[in-house]
Amino acid sequence: MTETEVWDALKEVTDPEIPTVSVVDMGMVNRVKVSDGTVEVEMLPTFVGCPALDLIRKQVEQRLLKGGIVREVQVTFLFDPPWTSDRITDEGKQKLKQFGIAPPVEGPAEPPPCPYCGQAGADVINLFGPTACRVIYYCKRCHQPFEGMKKV
Amino acid sequence: MKMEQDTRITDGQKFETALKYWLACLADDELTLGHRDSEWLGLCPDIEGDVAFSSIAQDEVGHAVFYFDLLHQLGEGDPDRLAFSRDQHLRRNAILLERPNGDWAYSILRHYFYDLFDDLRLQSMESSSYAPLRQGTQKIRREEYYHLLHMKTLFSRLGSAGGQARERMEEALLKVWPDLGDLFDFGPYEKELLEFGIISLSGSEVRRRWEEQVRDALLSIGFEWPGEIPSSSRSGRRGEHSSDLQPLLDTLCEVYAIDSNARW
């Protein structure tokens, strides 16, 4: 497997809590190194206490070992560089929106536009949501509660 | 996790002793409060409170795991063992955090005051000579920002509501106050921690900055400064805990204690 092929394969590994978005889209893959049948993957946890890390590690290993080309996979989690929400790719932001989660907006910490109708100026209902990395908003135009990724 | 080799580690036992003690303080603070936060699940005055406290508990326990992992890398037992099978006299958390949740006002006030303290403590590690701590705390601080914002909002809301909310906040303030001296105690190795550059602010400097912020916060809801923080007769950092800790540990460790070798 070449490094490009590894990156492509990792696009099939999704965030367990947002099944439409891959770990590559989320900006969680920092570096990939291939040498002699061994693949090293450096990953950045979105949150320090993210309970999905073990699951993500297993999924990465399973995907890369599939097909028997790769002999060994080493996944390491790093905090340097820190994962920030700026690392989510443009494609990742689109996919988050399609899933009904507003991606974080650049600039000051303001509510993002509603992922359903695009209206700005939503109310913050709760700074915490179904996972530690999400906020719950309410759109005053389409009267729809929606989730947003925290800007961290 | 990758660890940068710090030349000062080989400098001697002193660095490692001070660092380990400090990491245990950090881990135990976060674990103890995280557990108290989890006790609110299903009992909060509103569903948003429930969701928030669950996430916050998860964050705090996650931070504790991060610190326990660092201890493990330094040769201490595995994180589960550190969390679930240490006697109370080896626990380094501040006494304030082991207190039962009490009512909503007490829980919010305590958390807000702790989050303000923790933010300053995290700041004091942002340029730490111990790279894993420096990197982790930079990340943790970005998460704690939301805890602080949430608690500040609730603090202001309860404090300005008048009636029973205000009365309970006044009671909570009087209850929290005597436990604060212990919170700012940085333990027996404070001097070494500063000398080695593991932290950049002393406990008394953190306290000075904290008092400044809390004075303003209290003023903003029309509360008076309760007077000088009394010095504590007991030190949680040195394992001298109140009778509130053991019942907490009995619950926290109950499942682990059934079979400490079970694999999950």
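A:D36 sits in the loop between β3 (29-35) and β4 (38-43) of chain A. Helices (H or I, at least four residues) and strands (E, at least two) are DSSP runs, numbered from the N terminus. The model is predicted: local features need pLDDT of at least 70, side-chain atom pairs count only at pLDDT 80 or more, and totals for chains, interfaces and linings use all residues. Residues are numbered from 1 along each chain as its sequence is written, while chains are lettered from A and ligands numbered from 1 in the order in which they are written.

The backbone at A:D36 has a phi near 55°, a positive value in a residue other than glycine. A:D36 is exposed, with 6 other C-beta atoms within 10 Å. Here a residue is buried if 20 or more other C-beta atoms lie within 10 Å of its own, exposed if 12 or fewer, and partly exposed in between; C-beta atoms are placed from the backbone. A:H143 also has a positive phi, of about 50°, although it is not a glycine. A:H143 lies in the loop between β8 (134-139) and β9 (144-149) of chain A. A:H143 has 8 C-beta neighbours inside 10 Å and so counts as exposed. A further backbone feature of chain A is a cis peptide bond. The bond joins A:D80 and A:P81, with omega at about 5°. A:P81 belongs to the loop between β5 (72-77) and α3 (90-98) of chain A.

Chain A as a whole contains three helices and nine strands. Along the sequence, their order is α-β-β-β-β-α-β-α-β-β-β-β. The C-alpha atoms of chain A fill a box of roughly 55 × 25 × 25 Å, taken along the principal axes. Of the 152 residues in chain A, 41% are buried. Among contacts in chain A with a separation of 6 or more, 53% come from residues 24 or more positions apart. Two residues are in contact if their C-beta atoms, placed from the backbone, lie within 7 Å.

An unreviewed UniProt entry lists residues 3-75 of chain A as "domain: MIP18 family-like". UniProt positions are given in the numbering used here, feature names are shortened, and annotations may be inferred rather than shown by experiment. Over residues 3-75, chain A is 29% helix and 33% strand. The end C-alpha atoms of this stretch are 15 Å apart.

Chain B has twelve helices and zero strands. The radius of gyration of chain B is 18 Å, close to the 18 Å that the globule rule gives for 264 residues, so chain B is as compact as a globular protein of that length. The radius is taken over C-alpha atoms, and the globule rule is 2.2 Å times the number of residues to the power 0.38. The C-alpha atoms of chain B fill a box of roughly 60 × 45 × 35 Å along the principal axes. Buried residues account for 42% of the 264 residues of chain B. Residues 24 or more positions apart supply 77% of the contacts in chain B with a separation of 6 or more.

Two helix pairs of chain B are described next. Helix α2 (residues 47-73) and helix α6 (residues 131-160) of chain B pack at an angle of about 165°, with their axes 11 Å apart. Axes are lines fitted to C-alpha atoms, for helices over the stretch in contact, and angles run from 0 to 180 degrees between N-to-C directions. α2(B) and α6(B) are therefore roughly antiparallel to each other. Angles under 35 degrees count as roughly parallel, over 145 as roughly antiparallel, 65 to 115 as roughly perpendicular and the rest as oblique. The crossing of α2(B) past α6(B) is left-handed. A crossing is left-handed if the near helix is turned anticlockwise from the far one by less than a right angle, and right-handed if clockwise. On α2(B), the residues in contact include B:I56, B:H63 and B:F66. Their counterparts in α6(B) include B:I140, B:H147 and B:H150.

Helix α5 (residues 104-123) of chain B packs with α10(B) at an angle of about 135°, with their axes 10 Å apart. α5(B) is therefore oblique to α10(B). α5(B) passes α10(B) in a right-handed crossing. B:F113, B:L116, B:F117, B:L120 and B:R121 in α5(B) meet B:V206, B:R209, B:W210, B:Q213 and B:V214 in α10(B).

B:E240 lies in the loop between α10 (203-220) and α11 (245-252) of chain B. B:E240 has 14 C-beta neighbours inside 10 Å and so counts as partly exposed. Not counting residues up to four places away in sequence, B:E240 touches B:R234 and B:S235.
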